[in-house]
Amino acid sequence: MKEMCSYEYDLWREWFEGEDGLYDFLESACEPLYDELRPRIIHENEILKLCELCTLLQTRYMHDQDDEEPLAANELDFSVLIQPALEDAQTRLVFRTQAILRDEIERYKPKPDVLDYPACNRKVSLSGTKNQRSATSGRKASNAEPTTPLPKTPMIVEGGDSLDGQWGFDTQAAFQGWYPTLKKAIWLLSRIYRLVN
């Protein structure tokens, strides 16, 4: 679509002077794409897909206002044409985020084992000391096999619901013992950060 709009833009500049009506024409040329995208965006329930769409639109098609290189006078500003789709994706992302906040954080009903914080804290501290002892038990530990077996063939690991890929450490271990709503809020904020204006 971007390439087609670029060709139309070049053709317009070749035959006409000025840009009066040009972006209106290009918007009408992009309407079928927008008509196809909008219902899909509005009905999307997965936060991760909405985040990926916002990231794609912002990084690939939007012109950064802080960018040192402004658009040339005779260059198509495709961000004007894709802005409605980005706004729809951001609106849907905000709506889904509010629904998760309402349903999974505000209305969270803790189970008795979650409320038994001293017992949860003991479990976390015991598992932490076991890991520390095995790591500092002397020279023989350095020759031992790694606790996580290495795969025989390379594997592609998707981000999914884990934050491991983003921060480069075992987040399940780091967040162990945290209250469930705190984990959910951190996960949610890490996903929508910088995606919504």
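Trainee: Where is R96 placed, and how do you know that the stretch is a helix?
Mentor: R96 is in helix 4, residues 78-106. Helices are DSSP runs (H or I, at least four residues), strands likewise (E, at least two), and numbering starts at the N terminus. Residues 78-106 make up such a run, so helix 4 qualifies.

Trainee: What kind of model is this?
Mentor: It is a predicted model: local features need pLDDT of at least 70, side-chain atom pairs need pLDDT 80 or more, and totals for chains, interfaces and linings use all residues. Residues are numbered from 1 along each chain as its sequence is written, and side-chain values use heavy atoms, without hydrogens or water.

Trainee: What makes R96 a charge without a salt bridge?
Mentor: Its nearest side chain of opposite charge is D103, 6.0 Å away. A salt bridge needs a side-chain nitrogen of Lys or Arg within 4 Å of a carboxyl oxygen of Asp or Glu. R96 therefore has no salt bridge. R96 is also buried, which means under 20% relative accessible area; exposed means over 50%, and partly exposed lies in between (1.4 Å probe, protein chains only).

Trainee: Which residues touch R96, beyond its neighbours within four places in sequence?
Mentor: R96 is in contact (heavy atoms within 4.5 Å) with E44, N45, I47 and L50.

Trainee: How do you know that R102 and D103 form a salt bridge?
Mentor: Their side chains meet at 3.0 Å, N to O. That is within the limit of 4 Å, so the pair counts. R102 is partly exposed at 35% relative accessible area, and D103 is partly exposed at 40%.

Trainee: Which partner does R107 have, and what makes R107 exposed?
Mentor: R107 pairs with D103, with the closest N and O atoms 3.6 Å apart. R107 has 54% relative accessibility, over the 50% mark, so it counts as exposed. Shared partners join R102, D103 and R107 into one network of salt bridges.

Trainee: What makes D24, E27, E31 and D35 a patch?
Mentor: They form a negative surface patch. Such a patch takes residues with over 30% relative accessible area and no salt bridge, with like charges joined within 9 Å. D24 lies in helix 2, residues 22-43.

Trainee: How many helices and strands does the protein have, and what share of residues is buried?
Mentor: There are 10 helices and 0 strands. Of the 197 residues, 20% count as buried. Among contacts with a separation of 6 or more, 74% link residues 24 or more positions apart.

Methods: Patches are made of residues with over 30% relative accessible area and no salt bridge: like charges are joined within 9 Å, nonpolar side chains (Val, Leu, Ile, Met, Phe, Trp, Tyr) within 5 Å. Accessible areas come from the Shrake-Rupley method with a 1.4 Å probe; for residues, only the protein chains shown count as cover. Lys and Arg count as positive and Asp and Glu as negative; His and the chain ends are not counted. The place of a charge is taken as NZ of Lys, CZ of Arg, CG of Asp or CD of Glu.
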